[in-house]
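Please keep the sequence and the three-dimensional view at hand while reading.

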Amino acid sequence: MTTQNEGYPLEQFRKTYFEECAELLDALQANLDSLSNGSGDDDTLHAIFRSVHSIKGGAGAFGFDGLVAFSHVFESLLDAMREDKIPATPDVTQLLLRASDALGDIVNAARADRALPADFASDIRSAMQEVLLGASDEADATPIQNETVAAAVDVSGEQRYRIQFTPHSEMLQKANEPLLLVKQLRKLGGLTIEADVSKLPVLNALEPEAAYIGWTFVLETGAPQSAVHEVFEFVEDDCDLKIEMLGNSAGESAEPPPSAAPGATAAIATPANEPAATPAPTPTQSIRVDVDKVDRLVNLVGELVITQAMLTEQGTLLPVDQYPAMLHGIEALAQSARELQESVMAIRAQPVKSVFARMPRVVRDLAATLHKEVRIVTAGEMTEIDKTVIEQLNDPLTHMIRNALDHGIEGPDERAAAGKPRQGTIHLSAAQRSGRIVIEVSDDGRGLNREKVLAKAQDRGLVAPGASLTDEEIDNLIFLPAFSTADVVSNISGRGVGMDVVKRNVQALGGRISVQSRFGHGSKFTLSLPLTLAVVDGMVVSVGKETFILPLTAIIESLRPQPNDIHPVVGRGDVLALRGEYLPLTYLHRCFAIDTLVTDPCQGIVIIVQRDGAGTIGIVVDELLGQQQVVVKSLEANYDAVDGISGATILGNGRVALILDVTHLREIDDGSGGNLKPQRPAQPIEVQEDMTHAA
C-alpha cells in the first residue's frame, strides 16, 4: 500500500507514528509524574498537552477513531487546566495518570490491530467529562465581558502581529482544531479575529470534514516571536500561514511595517532597528533511522576495529626507520577507528529514562491491587546505555519492582506497627561507575528473612542439611531456579521462576546482579551492566600458551610482588600484602587448568582488579602483552557458556582470546584447593571463523 503522490509505503508512516507515540507516551508519563509530585509548572502542563495532542493528530490521519475520541476528551481536560479553569488537584492529577495509562493501552491496541472492549476506559472518560462539565458550569457563572479581546491582559508597550491562517481542506481530518489555536493565541495577549468565509460552498456541496474558513488575527503581546510561531507548530504543514509584525501596540514609537514581500508565508518580519532580541534556541536536528541499519553499521565498525588491530600487529614487525609513513598511517588509522567507534556507539546510546518512565504505572497498579501505599523515587534517568541493553532491561526491572511490592513492602498497618511510615518507598536509580552502568532497586520493606530462605532451600534439597552458608550465600539462594519463599502462589508471584529468569537475562547482557538485605529494613538489588555490548578496552595477558583479555576499567594496578609479600592462609589460599591490606590471590592457570611454568606470583605478574560489590583481588598471570581495543563477541551464541568468561574477541594476530569475568574468577578458584573447579581449556579455535562474523 502506498501513497499516491510519493509511492512511499503507508505502512512505514504507520510504523513511524507508533514509534513517535512511544516517545510521546514516555514524555507524557514523565511530565505527569512531575506534575503529581509538585515539581511541575506551566511548561510541564504545556508539554503534557502537546504529547496528547500529537498522538491525537496522528491517530486522526490513520483513522483510529477510538484513539481520537479518548485523546480528545483527555486533551480538552488538559486545555481547561492550561486556562486555569481546572486546578491540578491530587484527584485531577490521579485522573490524568489513569488517563495516560489508558491512552497507552489504546495506542498499543491500535498498533497490534487488536480490538478493545467497547466500554474500555469508559469510566476514565466519564470522569474527565464530569470534571470538564464542572469547570464549564463555573465558567458560565462568570460574565464574559468581551469575546474578542482578553481584557485582563495588559498590552501596553507590546508588539502587534497580524496572523493570516488558512487551513488546508484536510486539516480537520487530522484532528487539528482551530479553536485550540485561538485559545492559545488568547493566552499570549489581546486578540481580535476576522473570519474569511469566501470559500464556504453552498450547503449541498459542503463536506463535513473539510476546512473552508480562514482567519486573520491581530495579536498584541509581549511574548517573543518564537512563542507566536510555536502555537502553529503542529499545523504548519496543514495550512497557509503568514505572520507579520505590525509594530509597537503603544503607537507613539511604533516601528514602520516591515518591507516583506507580499505573499511571503510563515515568515516573521523584523524591524531594521529593533533592539537586539534574544535569538530563539536552535532546535536539535534529528533523523529517524531503522535500528537494523544502525546495527549493521556497528558490526562493520567492529570488523574495522579488528582489521585495524591486525594492521597494528603487523606494523610492530616493521623497522621504524624504513617505513615511517606506513607506521604513521597505521597510527592515524587507529585513532580514526577509535573515534568512529565512539561515535557509532553514541548513536546507539539512549537515556534509561524510557524504561524508568514505565515503572510508576507498575507501582501504581500493583499497589492498588495489593492495597498497599507505595511510591517510587527515580534518579539518574538520563544515564545513557546501549539500546540493546535498554530493550532487554524492562522485564528484569519490572519483575524486581513487582517482587519488592509483593514480598518487600509491608501493608500500611504492618508498617505503622513497626514504626515505619505507612507509605513504603521504592528507589530506582541509574549511574555510570567504572565504565559500567549500575542500576539499583531498593525498598524500605521487611527485607530477606534468612532463616526462612535457608529453611526453604533445605526443604527443596537445594542446600545440604547442616551446610554452613554465609549471609551473602543465603541471600543469593533467591536466584536459584524454582526457589520461592512465598507461602501462596498468586498471579503476582510465588512460583519461583522470577529471580532466576532475572539473573539469566542480566547475565545474557553481560551483566551481574547482587542483593544486599537487612531483615526489617529492606533490600537492595544491584545490576551492573556494560555500557556497550560491542567494544571494550582491554589488557591482553598470557597464561601458558593461552591469551586472555581483562577489561581495562576493572584494573587498578599491576605489579610483581616480592616473596615476603605473599602469605598463605589455611583454607583460603594465598594473600598479597599490599600497603597494609591483604588481598586474596586467584591463579588464572588454576581456574582454567592451563599448563604453565609460572606458578609463583613472584615470577609472574599480579593484576589488582576491582570486582563489582565484591571487593578487590589479585589475579596471577604469566605476563602482560599490552592494551588493545577489542570487539566483544557473544560466547554463548557461538560456543557455550564458560564460568569466569564474559565473552570472546579476535586479536590482531587472528587468534581468539577470551574476555575474563573478574567478579566470578574468585568463585572458581577460592584458594582452598578443595573447591577448585577447573574449567574446560580455553580453546574454541574451531569456531573462530564463525565468531569473526558474529554480532
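Predicted model: local features only at pLDDT ≥ 70, side-chain atom pairs only at ≥ 80, totals over all residues.

The structure holds 7 aromatic pairs, and one of them joins Tyr17 and Phe64 in a stacked arrangement, with 6.4 Å from centre to centre and 25° between the planes. Because Tyr17 belongs to helix α1 (residues 10–36) while Phe64 sits in the loop between α2 (42–62) and α3 (65–82), the pair ties together parts that are 47 residues apart in sequence. Tyr17 and Phe64 also belong to one aromatic cluster together with Phe18.

## Helix α4 and its surroundings

Helix α4 (residues 90–111) packs against helix α11 (residues 359–370) at an angle of about 110°, and the two axes are 11 Å apart. Angles of 65 to 115 degrees count as roughly perpendicular, so α4 is placed roughly perpendicular to α11. On the α4 side the contact is made by Gln94, Leu97, Asp101 and Asp105, and on the α11 side by Arg361, Arg364 and Asp365. Sorted by class, this contact of α4 with α11 comprises 1 nonpolar, 1 polar and 5 charged residues.

Ser100 is also found in helix α4, and its relative accessibility of 5% is the reason why Ser100 counts as buried. If residues up to four places away in sequence are set aside, Ser100 touches Leu28, Gln29, Leu32 and Phe74.

## The sheet around strand β9

An open sheet is formed by 5 strands in the order β6-β8-β9-β11-β10, and its pairing is mixed. Since β6 (374–379) and β10 (512–518) stand at the edges with a single partner strand each, one side of each is left without a neighbour in the sheet. Neighbouring strands of this sheet are turned against each other by 15° on average, direction ignored. Helix α13 (residues 394–408) packs on the sheet and touches β6, β8, β9, β10 and β11, its direction making about 20° with that of β9. Helix α17 (residues 498–508) also packs on the sheet, where it touches β10 and β11, and its direction makes about 135° with that of β10.

Within this sheet, strand β9 (residues 436–443) has 8 of its 8 residues buried, so β9 is largely enclosed by the rest of the structure. In a regular strand the side chains alternate between the two faces of the sheet. In β9, Arg436, Val438, Glu440 and Ser442 point one way, whereas Ile437, Ile439, Val441 and Asp443 point the other way, and all of them are buried. Strand β8 (residues 424–433) is joined to β9 by 8 bridges in an antiparallel run, and β9 is joined to strand β11 (residues 522–530) by 8 bridges, again antiparallel. Glu440 of β9 stands opposite Ser429 and also opposite Thr526 in β11, while the bridge partner of Arg436 in β11 is Pro530.

## The six-stranded sheet

A further open sheet has 6 strands in the order β14-β18-β19-β17-β16-β15, with mixed pairing. Its edge strands are β14 (555–559) and β15 (566–569), each of which pairs on one side only. Here the neighbouring strands are turned against each other by 35° on average, direction ignored.

Two strands of this sheet, β18 (residues 605–611) and β19 (residues 615–621), pair in the antiparallel sense over 7 bridges. Among these pairings, Ile608 has Gly618 as its bridge partner in β19.

How values were computed:
Residues numbered from 1 in each chain as written. Heavy atoms only, no water. Pairing = 2+ DSSP bridges. Helix = DSSP H or I, 4+ residues; strand = E, 2+ residues; numbered from the N terminus. Axes fitted to C-alpha atoms, helices over the stretch in contact; angles between N-to-C directions. Parallel < 35°, antiparallel > 145°, perpendicular 65-115°, else oblique. Contact = heavy atoms within 4.5 Å. Nonpolar A, V, L, I, M, F, W, Y, C, P; charged D, E, K, R; others polar. Phe/Tyr/Trp six-rings, centres within 6.5 Å; stacked < 30°, edge-to-face > 60°. Buried < 20%, exposed > 50% of the residue type's maximum accessible area, 1.4 Å probe, protein only.
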